[in-house]
Every structure is written in structure tokens, then in C-alpha cells.
Amino acid sequence: MTRRGLQALLVLVVLTLGDLDVVWGQTPPPAVQGLDQLSPEERALAERNLERWKRLTPEERQRALENYRHWKSMTPEEREAARQNYRRFRQLTPDQRAQVLKDFQHWNELPKERQQQLQQAYERWQRLPQERRDRIQQRLQQWEAMSPEERERVLRNQERWRQMSPEERERIRERWRQMTPEEREQLRQQRQQQRRGGQQ
């Protein structure tokens, strides 16, 4: 997903908080100070829905106007992708929608530099082969299934690994590569027994 595509999705999700009609161009963007502040096109849209705009706060009007202008600046392809994302969003359960909106709010609160880092990470993820993504997903699921004690142990092991010299790491890797599958399984079982013994 391009940065602009992500922005399109985010704008669309924000618009779902109010009236999605703005997105489809059926409802006007609200005036910031009044209809005289709008372009002729925006004014015509606002006049068709004047009662609704009268009920909006100045902040809501400003936000809707900015969102509307952003929507108008998008390419037809970006708009279509946003519409598809919105359809998927509408199919979510209320709890899932609430989580999406919460995540969106968190995204908006991030500094621009952090947003760029996350966007770049997402683009790197998209470039990974499917097999690699599947392995990462599997590891994430394993992590989520771990107890707090197991996670702590994994983090301690990672820290020990980071503190090793490159030579030490390579020796361990080489020793692992030379082991048979049976020897590897035996080592895993020994470690599990040691952990169980330490927990008693």
C-alpha cells in the first residue's frame, strides 16, 4: 500500500465517524465560517444539505472540509481502493470497528517520523516472499500463545544472543547445523525439562 493509499484509507475511516456521504460527494463539506468561505462547488453541496451543516460545530466543519478536499485530491484508483476498504470496514463487527478507529487515532497521534518508519516497515513486509511472511505470522502466534514466564525467558535468551560476539554466534549456528533432527529434538526436550525443574 502506498503512503497515499494509506492516507486514503485513513481519511475514509475518519469519515465513517460522521457521515460517509461526504466521501461519495452527496453531502457537502461544511463551511469553516460560513458558506461564503467555500468554493462554488463546495457551496452548492453545502446548500443542498444546509440543515445538517447548521448542527455541526466549527471543529467538525473544519475537519469535514479538510477531509472532503483530501478526498477530491485523490486519484480515481485511490478512491476506489478506499471504497473497497470501507466496504470491508463495514463488514467488521462493532468491536473490530472500534479497534480500527482506536488504532487510527493512535496513528494520528504518532510523530510524522514514526509514521514514515511504520510505512516503510509495511512496504518491506509487502515485499517479503509469502513463505517468509507465513513464518513470521506463525512466530507471532506462538509468541501470543506463550505465558508471561515463557516470554520473559525468550527475551532473556535474545539479550544473551545480542551480547555474544559474532564468532560465538557462528559457533552456535554451526553446532546447530551439524546436529541431526533427533539431536535437536533431544536438546529441546532437555531444555524444557530444565525449565520445568527450575519452576518447581
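Predicted model: local features only at pLDDT ≥ 70, side-chain atom pairs only at ≥ 80, totals over all residues.
Local features were taken at pLDDT of at least 70 and side-chain atom pairs at pLDDT 80 or more, while totals for chains, interfaces and linings use all residues. Residues are numbered from 1 along each chain as its sequence is written, and side-chain values use heavy atoms, without hydrogens and water.

The largest pocket has a volume of about 1700 Å³. A pocket is an open set of points on a 1 Å grid over the protein atoms alone, where a 1.4 Å probe fits, with protein on both sides within 12 Å along at least five of seven lines. Its volume is the space filled by probe spheres set on the points, joined across faces, edges and corners. The lining of the largest pocket comprises 30 residues, each with an atom within 4 Å of a point. Arg153, Val154, Asn157, Arg191 and Arg195 lie nearest the centre. Two or more lining residues come from each of H9 (130-145), H10 (148-163), H11 (166-178) and H12 (181-199). Helices are DSSP runs (H or I, at least four residues), numbered from the N terminus. H10 gives the largest share, nine residues. By class, the lining has 10 nonpolar, six polar and 14 charged residues.

H10 and H11 pack at about 120°, with axes 8 Å apart. Axes are lines fitted to C-alpha atoms over the stretch in contact, and angles run from 0 to 180 degrees between N-to-C directions. Trp161, Arg162 and Gln163 of H10 meet Arg169, Ile172 and Arg173 of H11, with contact meaning heavy atoms within 4.5 Å.

Nine salt bridges were found in the whole structure (side-chain nitrogen of Lys or Arg within 4 Å of a carboxyl oxygen of Asp or Glu). Glu80 pairs with Arg83 at 4.0 Å.

Terms used. Nonpolar A, V, L, I, M, F, W, Y, C, P; charged D, E, K, R; others polar.
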